[in-house]
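The following exercises concern one protein chain. Please study the sequence and the structure before reading each solution.

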Amino acid sequence: IQMGESGGGQVQAGGSLTLSCQPSGFIFSSYGMGWFRQAAGSEREFVASVWNDGKTYYADFVKGRFIVSRDNGKRTLSLQMSDLEADDTAVYYCNRMRSQRVHFGDFWGQGTLVTVSS
């Protein structure tokens, strides 16, 4: 299994980034998919998830700034992030979901680093 996260980078506060995830090794359309993040010195936390029925779920800290989406035909998960804050600095990971805010299994990819400068 590979998760294939990409799109991270350095951006100033208030800026935008779009992250992508193109996983392989499992049937993408069979799972809810989500994003998690881990800041230095902190535990990994849930960010957002999207399901095949179109339902989406977000962490409270997102506050309407992020949009999670998926394209089953392209096996791609995306996270559009806007109005970024310094506290959004973290490595972002995608994963399969077990439930609205809980990941499936213990496998994690390399993630993609987002750095927001104030």
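A residue is called buried under 20% relative accessible area, exposed over 50%, and partly exposed in between. The model used here is predicted.

**Exercise 1.** Classify E45 and E43 by their accessibility.

*Solution.* Step 1: E45 has a relative accessibility of 33%, so E45 counts as partly exposed. Step 2: E43 has a relative accessible area of 70% and is therefore exposed. Step 3: E43 is placed in the loop between β4 and β5, where it touches R37 and Q38, leaving aside residues up to four places away in sequence.

**Exercise 2.** Trace the salt bridges that join R37, E45, R65 and D88.

*Solution.* Step 4: R65 and D88 form a salt bridge at 2.6 Å, N to O; both residues are buried. Step 5: Through shared partners, the salt bridges join R37, E45, R65 and D88 into one network.

**Exercise 3.** Determine which element gives the largest share of the largest nonpolar core.

*Solution.* Step 1: The largest nonpolar core has 31 residues, and those with the most contacts inside it include W35, F66 and L79. Step 2: Among the elements that give two or more residues to this core are β4, β8 and β9. Step 3: The largest share, five residues, comes from β9.

Notes: Residues numbered from 1 in each chain as written. Predicted model: local features only at pLDDT ≥ 70, side-chain atom pairs only at ≥ 80, totals over all residues. Heavy atoms only, no water. Core = buried A, V, L, I, M, F, W, Y, C linked by side-chain atoms within 4.5 Å. Buried < 20%, exposed > 50% of the residue type's maximum accessible area, 1.4 Å probe, protein only. Helix = DSSP H or I, 4+ residues; strand = E, 2+ residues; numbered from the N terminus. Contact = heavy atoms within 4.5 Å. Salt bridge = Lys/Arg side-chain N within 4 Å of Asp/Glu carboxyl O.
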